[in-house]
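This briefing goes through the structure shown below by topic, from one residue's surroundings to the chain as a whole.

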Amino acid sequence: MLVSARSFDEYRAMFALTDDDLRLRVLDCPGGAASFVAEAGARGTDAVAVDPQYGSGREQLGTLALREIEHKHAYVADNAERFVWDWFGGPERYTRLRAASVRAFTADLAARPDRYVAGALPHLPFADRSFDLVLSSHLLFSYGAQLSEEFHLSALLELVRVARREVRLFPVVLHTSDRRYAALDRLRAALDALGVPSRLHRVDYAFQPGGDEALVLDVADRGPLPAERPGAGAHDPVRWRHLGPGEPVADPVR
């Protein structure tokens, strides 16, 4: 799995964020090297990001993310026909925006380190209902071939636990096939049984073909959540495709 470096504008498009949304307390999970918290914070939003890479070795994150962007650019440029370019315009702009996001993230990480919290699903270091709005992109559903259905349910319940109003997830397709995650309906049914209704919302953003839907969970009137959840303890041991054997990487923090 990769550490993303998406921008504030991408977040606005992916999650259909309104000005009212940006007046709320917002969690980005996992935050990766995205500049959403940096740019939203500069606009007055009370935003926090959580990611396992914010623990030991976090000072490496910007450098590693820029190297990953270079690696990804070659693939995207060589396979441009596999992607939707309506939002980005083309591979060169895609790469420029990603690199700019990393630089904004790196500066904000140094200036406001308290906004970047080490932690990983399915156990987040926050109290119940700590955030009005929780955003989660390109982990759940995207990595459905690598992460079990049990992990997905446990992670969704954890996102619900720390939210007061809504959880929004994007996209709902696998990154390997551009197909909707197969167990999505079962997961939605399980959440509905706990008083967490959901809906699919089409957004004005896509990079994968068919990847233009966000899943929105309404948590305002949820019931009690199960104390024990399946899938706990799962983590991703390797996040950086471009690193060779023996090269250092930040230790994951659970």
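**Surroundings of Glu10**

Leaving out residues up to four places away in sequence, Glu10 touches Trp87, Phe88, Arg98 and Tyr205. The model is predicted, and the points below should be read as values computed from that model.

- Glu10 is found in helix α1, which covers residues 8-14, and the relative accessible area of Glu10 is 0%, so this residue counts as buried.
- Among the residues that Glu10 touches is Tyr205, and here the side chains of Glu10 and Tyr205 also make a polar contact, at 2.7 Å.

**Nonpolar cores**

- The largest nonpolar core has 39 residues, and those with the most contacts inside it are Tyr11, Leu17, Phe36, Tyr116, Leu135, Tyr205 and Phe207.
- At least two residues of this core come from each of the helices α1, α2 (36-42), α3 (61-78) and α4 (91-111), and likewise from each of the strands β2 (46-51) and β4 (131-137).
- Another core, of 35 residues, lies apart from the largest one, and its members include Leu27, Phe151, Leu159 and Val172.
- When neighbours within four places in sequence are left aside, Tyr11 is in contact with Arg6, Ala16, Leu17, Asp28, Pro30, Gly31, Ala34, Phe36, Leu135 and Ser137; of these partners, Leu17, Phe36 and Leu135 are, like Tyr11, among the residues with the most contacts inside the largest core.

**Helix α5**

- Helix α5 (residues 149-161) has 13 residues and reaches 18 Å from its first C-alpha to its last, which is close to the 18 Å expected at 1.5 Å a residue.
- Because 10 of its 13 residues are buried, α5 is largely enclosed by the rest of the structure.
- The buried residues of this helix are Phe151, His152, Ser154, Ala155, Leu156, Leu157, Glu158, Leu159, Val160 and Arg161, and the elements they pack against are β4, β5 (163-170), α6 (184-193) and β7 (213-218).

**The chain as a whole**

- The secondary structure of the protein chain comes to six helices and seven strands, which follow one another from the N terminus in the order α-β-α-β-α-α-β-β-α-β-α-β-β.
- Of the 254 residues in the protein chain, 54% are buried, while the accessible surface comes to about 11100 Å², with 51% of that area belonging to carbon and sulfur atoms.
- Among contacts between residues at least 6 apart in sequence, 73% join residues at least 24 apart.

Terms used. Residues numbered from 1 in each chain as written. Predicted model: local features only at pLDDT ≥ 70, side-chain atom pairs only at ≥ 80, totals over all residues. Heavy atoms only, no water. Helix = DSSP H or I, 4+ residues; strand = E, 2+ residues; numbered from the N terminus. Buried < 20%, exposed > 50% of the residue type's maximum accessible area, 1.4 Å probe, protein only. Polar contact = N/O pair within 3.5 Å; in protein donor to acceptor, adjacent residues only side chain to side chain. Contact = heavy atoms within 4.5 Å. Core = buried A, V, L, I, M, F, W, Y, C linked by side-chain atoms within 4.5 Å. Areas by Shrake-Rupley, 256 points an atom, 1.4 Å probe, with all protein chains shown as cover. Expected span 1.5 Å × (residues − 1).
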